[in-house]
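Q: I am new to this structure and would like to go through it in short steps. Could you show it to me?

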Amino acid sequence: MMVGKRTDVCVFCKCKTVKPSKDTFLADYKGCIMIVKNVPCEACEQCGAKHYPDSVMKKLEQITSEAKGRMQELTVTDYSGVA
């Protein structure tokens, strides 16, 4: 998984078939597993590497920060429902 500015070339395999996609983001915080479904990303069609744009990472930080406040053992959030 890469984070940063949009690229049209995969930073891993240099393939030029990077396309918009959706991913499932997982985070572990003090034994609490946080799952965020349907996260927008860019995916390489050749090697499968995922890249999250900065704006998506900022929103993921907000989502996981709010989940930390609930401190449940498992938290599942749909990105499209909160973004």
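Q: How many salt bridges does a search of the whole structure find?
A: The search finds one, a salt bridge being a side-chain nitrogen of Lys or Arg within 4 Å of a carboxyl oxygen of Asp or Glu. This is a predicted model, in which local features need pLDDT of at least 70 and side-chain atom pairs count only at pLDDT 80 or more, while totals for chains, interfaces and linings use all residues. Residues are numbered from 1 along each chain as its sequence is written, and side-chain values use heavy atoms, with hydrogens and water left out.

Q: Which side chains meet in the salt bridge?
A: Those of Lys19 and Glu45, at 3.6 Å from N to O. The pair links distant parts of the chain, 26 residues apart: Lys19 is in strand S2, and Glu45 is in the loop between S3 and strand S4 (50-53). Strands (E, at least two residues) are DSSP runs, numbered from the N terminus.

Q: Changing topic: what is the phi of Lys14?
A: Near 65°, which is a positive value in a residue other than glycine. Lys14 sits in the loop between strand S1 (2-4) and strand S2 (18-29), and counts as exposed because its relative accessibility is 54%.

Q: Where does Lys30 lie, then?
A: In the loop between S2 and strand S3 (32-44). Lys30 has a positive phi too, near 50°, and is exposed, with a relative accessible area of 68%.

Conventions:
Helix = DSSP H or I, 4+ residues; strand = E, 2+ residues; numbered from the N terminus. Buried < 20%, exposed > 50% of the residue type's maximum accessible area, 1.4 Å probe, protein only.
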